[in-house]
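Please find below a colleague's note on the structure shown here. The points follow the strands and then the charged side chains.

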Amino acid sequence: MTQRKGAKPTISIQEHMAIDVCPGPIQPIKQISDYFPRYPRGLPPAVPLQAGHAGPLRSALSTSSSTTAAAAAPAESERPNEDTPDRACAGASAASATPAAAAASIQAAKRDEEPDVEAYDSDDSTTLGTLEFSLTYDQENNALHCTINKAKLPVPRYKKGLKPMDHNGLSDPYVKLHLLPGASKANKLRTKTLHNTLNPVWSETLTYYGITDEDIVRKTLRISVCDEDKFRHNEFIGETRIPLKKLKPNQIKNFNNCLEKQLPVNKTEEKSLEERGRIMISLKYNTQKSCLVVGIIRCAHLAAMDANGFSDPYVKTYLKPDENKKSKHKTAVKKKTLNPEFNEEFSYDIKYADLTKKTLEVTVWDYDIGKSNDFIGGVSLGINANGERLKHWFDCLKNKDKKIERWHTLTNELPGSLND
């Protein structure tokens, strides 16, 4: 065996085995690395195999790693063009282990996994989703139409649609409406629920009746998107609020709004202005009979007073002051409804000149069997009223023999000191 100049003495595999293994037949070598426990970072550079044995190897008995490294350098330089599978794999491993190459690989992986933050606004409201809807104020019919179209989440590379609320990554969304300020139970409307979707399409129109010009000026429509849960409380997803003064009469206005986190409600203002529904009343002074004709036409969005989510409403009217207590009139009871239609009229014999001294008090009640009836809401019309209530009374006085119909808001305040 020839030895290169300057290299440490080497031994053959047979000699190495003769040192570490008991004499006997030489067994085939399964893994060369088993014989080099002193090279934790890998095997020494490979040596071309000679015929008849595994090839020359540097001694595994060298006394220091520095001596071994010094011996390895000239050996590598003398075999620059060696083209074996072992060296090819070793070269590839070395290249991939380069810090610059590793950093480049990590950056490329991140580009594939992370969303493009420049492509959308990172505000919290964006992640809640968006809602497409339209609003129309029908001034002639005193109605507000709200068409809920669809919802989606416009975030690239994420699932488009609403923020997932359920464990399956989907939602069971529905939309509910409230008019603020006012009691939520009295004027809540809601769409149907769409199950297992992040891209719901409702195409559903919800209508508020009894909306006046005064409401358009001072009220705000709150539109909330929620996730229905059969086993727990329904979860809030997001909301948007539209001041109704943005609407023009009889014109459709389209919206595509980002949903926001739930905004706080001023409880003091909400309590003082609590609404319990709407009532349509007609007034006419009949000059031939010298009487005031009061018509109770219908109610809308009454507060639910019973456990089943409905009420059994009826209406009572008084013309105050009523010294003889004979002015009380009462409609029939309408079962299990929040939008009853009565279409009943009552007459009060009174001189025209005395109307300026009178107040018409209208109250709505929930009928209960075996216990006291529940007060839902009331409204007072007369010379001491204000806003639409005062205007309605004056219009009746100015237009004799003409029926004047108006919608009025029921409040939680009991007119006068009436008892059922």
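1. Two strands are said to pair if DSSP finds at least two bridges between them. The model under review is predicted, and the pairing described here is read from that model. Strands β9 (residues 275–286) and β10 run antiparallel and are joined by nine bridges. Within this pairing, Met280 stands opposite Arg298 in β10. Four residues separate the strands in the hairpin of β9 and β10, where Ser290 takes a positive phi near 50 degrees.

2. Strand β10 also pairs with strand β13 (residues 341–349), in the antiparallel sense and over seven bridges. Here Val293 has Ser347 of β13 as its bridge partner. Is strand β10 enclosed by the rest of the structure, or open? Ten of the ten residues of β10 (residues 291–300) are buried, so the strand is largely enclosed by the rest of the structure.

3. An open sheet is formed by four strands in the order β4-β3-β6-β7, with antiparallel pairing. Its edge strands, β4 (189–190) and β7, each pair on one side only. Strand β3 (residues 173–180) is joined to β4 by two bridges, and Leu177 has Leu189 in β4 as its bridge partner.

4. Side chains of opposite charge can pair when their charged atoms come close. A search of the whole structure finds eleven salt bridges. One of them joins Arg190 and Glu228, with the closest N and O atoms 3.4 Å apart. Arg190 lies in strand β4 and Glu228 in the loop between β6 (220–227) and β7, so this pair ties together parts that are 38 residues apart in sequence. Arg190 is partly exposed, at 33% relative accessible area, and Glu228 is partly exposed at 22%.

5. The salt bridge of Lys320 with Glu361 has its closest N and O atoms 4.0 Å apart. This pair links distant parts of the chain, with Lys320 in strand β11 (residues 313–320) and Glu361 in strand β14 (residues 359–366), 41 residues apart. Lys320 is partly exposed at 24% relative accessibility, whereas Glu361 is buried, with a relative accessible area of 8%.

6. Glu214 and Arg218 form a salt bridge within helix α6 (residues 213–218), where they lie four residues apart, about one turn of the helix. A network of salt bridges links Lys391, Asp395, Lys398 and Arg406.

7. On the surface, Lys245, Lys246, Lys248 and Lys253 gather in a patch of positive charge. Lys246 is found in the loop between β7 (235–243) and β8 (252–258) and is partly exposed, with a relative accessible area of 49%.

Methods: Residues numbered from 1 in each chain as written. Predicted model: local features only at pLDDT ≥ 70, side-chain atom pairs only at ≥ 80, totals over all residues. Heavy atoms only, no water. Buried < 20%, exposed > 50% of the residue type's maximum accessible area, 1.4 Å probe, protein only. Patch = residues over 30% accessible without salt bridge, like charges linked within 9 Å, V, L, I, M, F, W, Y side chains within 5 Å. Areas by Shrake-Rupley, 256 points an atom, 1.4 Å probe, with all protein chains shown as cover. Salt bridge = Lys/Arg side-chain N within 4 Å of Asp/Glu carboxyl O. Lys, Arg positive; Asp, Glu negative; His and termini not counted. Charge placed at Lys NZ, Arg CZ, Asp CG, Glu CD.
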